[in-house]
Amino acid sequence: PSSTRGGAVVPRDAMIVTNVDNFYVTDDKIINSPSRERGVSEEDEFAMRVHGCELIQEAAVLLKASQQVACTGQVLLHRFYAKRSMVKFDVRRVAATSVFLACKLEECPRKIRDVVNVFHRMSRRREKKPLTHLEYFSKRYEDIKADLVRVERHMLREFGFCIHAEHPHKFVLNYLRMMGQDSAMMNAAWKIANDSLRTTLCIRFKAYKVAVACIYLAARKLRVVLPEDPPWWDLFDVTKEQIEMMCESVLAVYELGKTEYVAMGPEPPPGATSPTKPSIVEGPIGNPSEPAGPIETREDVVKNLEEGKDVVAAVGSAREKERRTGRSTERGRKRSRSRSRSRERSRERDRRRRRDDRSWDRDRRGRDRSRDRSRDRGRDRSRDRRGGRDRRR
């Protein structure tokens with residue numbers, strides 16, 4: 001087969017075909033995902049996916065972004081973990097990157113500083129710690145910001161810079177209006193469509209099929225009778241087995257309940273607190289891949305810190321304190337020099353203003369004297385003319 005382009009015959013095999021439906025994976029790839037190959041169980045992977053989606057939804061609300069940003073961010077998270085492992089890429093950092101990238105896609109951009117602050121606040125609140133402010137010039141902020149940009153580059157590379165996302169919400173409304181359903185049915189199906197994004201349905205099935213499953217589950221919940229002879233889902237090219245499979249995935253989210261963060265990788269992300277799982281302690285030569293003896297639990301580390309035995313951590317904290325103190329001192333000197341230059345500019349403006357005022361006063365006095373002399377000369381001339389007339393008389 002061939003086609004004609006510009007008068008020349010081009011083989012169809014040589015043509016470039018652009019297709020936006022390249023984001024769906026098979027069930028085998030979901031079962032044998034990169035996280036499963038790195039030793040993460042099915043339950044932990046599902047829980048962390050749901051946890052990441054909850055973070056994205058909450059962050060979109062705090063950033064005052066649209067619901068479309070939250071939906072796109074959850075889709076990006078599922079697509080990324082279909083190609084990369086949770087062991088290497090922490091779910092909290094991927095969630096933050098997904099929100100940052102989704103804001104750009106949905107034309108609702110937010111500053112990277114705001115995204116970092118929002119996720120820092122959510123992390124402190126979930127850990128029940130005081131809501132401290134994250135300093136913009138601190139090393140922790142710089143590490144989190146650099147890691148977020150790094151993960152964004154990884155995501156764009158894995159997606160091939162083609163990040164189109166289609167959501168089931170518009171299909172839900174169109175299908176229900178076509179069937180003549182009321183607003184209660186639409187609201188229930190809409191909520192289920194939002195909850196379905198916490199599962200992998202968005203990368204396993206197309207959006208119109210997920211919309212059919214949402215309508216099916218909402219009808220069962222509200223006990224609304226829909227035509228089954230013939231089945232109404234046949235109109236949308238969906239089978240009963242696919243609907244039941246999608247409904248089971250959504251119901252699994254409801255059965256899971258509230259999720260908590262569990263670190264899957266060997267070490268926490270930059271700027272994060274200690275994970276709930278033991279991490280590899282950095283060796284004496286500074287290589288994180290070589291453990292420095294047996295891995296200690298969190299209780300042992302706290303005990304050693306209290307007894308003053310963790311010399312490496314003490315030295316590291318001292319160096320970090322010196323580095324921050326030096327940086328803050330340098331910032332103080334810069335601010336002092338800036339204030340001095342500002343005061344000097346203000347004094348120069350005052351001097352110039354006073355000089356201009358004196359010049360204006362001199363000019364005004366000169367004009368007054370000139371006017372007085374002109375007036376006196378005019379009076380003298382008038383007096384002389386009167387005196388001449390008197391003499392002639």
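A residue is called buried if its relative accessible area, taken with a 1.4 Å probe over protein chains only, is under 20%, exposed if it is over 50%, and partly exposed in between. Gln-57, at 17% relative accessibility, therefore counts as buried. The structure is a predicted model, in which local features need pLDDT of at least 70 and side-chain atom pairs count only at pLDDT 80 or more, while totals for chains, interfaces and linings use all residues. Residues are numbered from 1 along each chain as its sequence is written, and side-chain values use heavy atoms, with hydrogens and water left out.

The protein has 14 helices and two strands, where helices (H or I, at least four residues) and strands (E, at least two) are DSSP runs numbered from the N terminus. Of the 393 residues in the protein, 36% are buried. Among contacts between residues at least 6 apart in sequence, 70% join residues at least 24 apart, a contact being a case of heavy atoms within 4.5 Å.

Gln-57 is found in helix H3, and, when its neighbours within four places in sequence are left aside, Gln-57 is in contact with Gln-67, Ala-70, Gln-74 and Arg-198. Gln-57 and Gln-67 are 10 residues apart along the chain, and their C-alpha atoms are separated by 8.1 Å.

Helix H3 (residues 42-62) packs with helix H5 (residues 91-105) at an angle of about 40°, the two axes being 9 Å apart. That angle makes H3 oblique to H5; angles under 35 degrees count as roughly parallel, over 145 as roughly antiparallel, 65 to 115 as roughly perpendicular and the rest as oblique. On the side of H3, Met-48, His-51, Gly-52, Leu-55, Ile-56 and Ala-59 take part, and they meet Val-91, Arg-92, Ala-95, Ser-98 and Val-99 in H5. The residues of this contact divide into seven nonpolar, three polar and one charged. Helix H5 is also the place of Thr-97, which at 0% relative accessibility counts as buried. Apart from its neighbours within four places in sequence, Thr-97 is in contact with Leu-148, Val-151, Glu-152 and Met-155.

The structure holds eight aromatic pairs, for which the ring centres of Phe, Tyr and Trp (its six-membered ring) must lie within 6.5 Å, with planes under 30 degrees apart counted as stacked, over 60 as edge-to-face and the rest as tilted. In one of them, the rings of Phe-80 and Phe-89 have centres 5.1 Å apart and planes at 85°, so the pair is edge-to-face. Phe-80 is buried at 0% relative accessibility, and Phe-89 is buried at 1%. Trp-232 and Phe-236 also form an edge-to-face pair, with 6.2 Å from centre to centre and 70° between the planes, and both residues are buried. Ring pairs link Phe-171, Tyr-175, Tyr-216, Trp-232, Trp-233 and Phe-236 into a cluster.

Most residues other than glycine have a negative phi, and most peptide bonds are trans. The peptide bond from Asp-229 to Pro-230 is cis, with omega near 5°, and Pro-230 lies in the loop between helix H11 (207-222) and helix H12 (240-256).

How values were computed. Axes are lines fitted to C-alpha atoms, for helices over the stretch in contact, and angles run from 0 to 180 degrees between N-to-C directions. Ala, Val, Leu, Ile, Met, Phe, Trp, Tyr, Cys and Pro count as nonpolar, Asp, Glu, Lys and Arg as charged, and the others, Gly among them, as polar.
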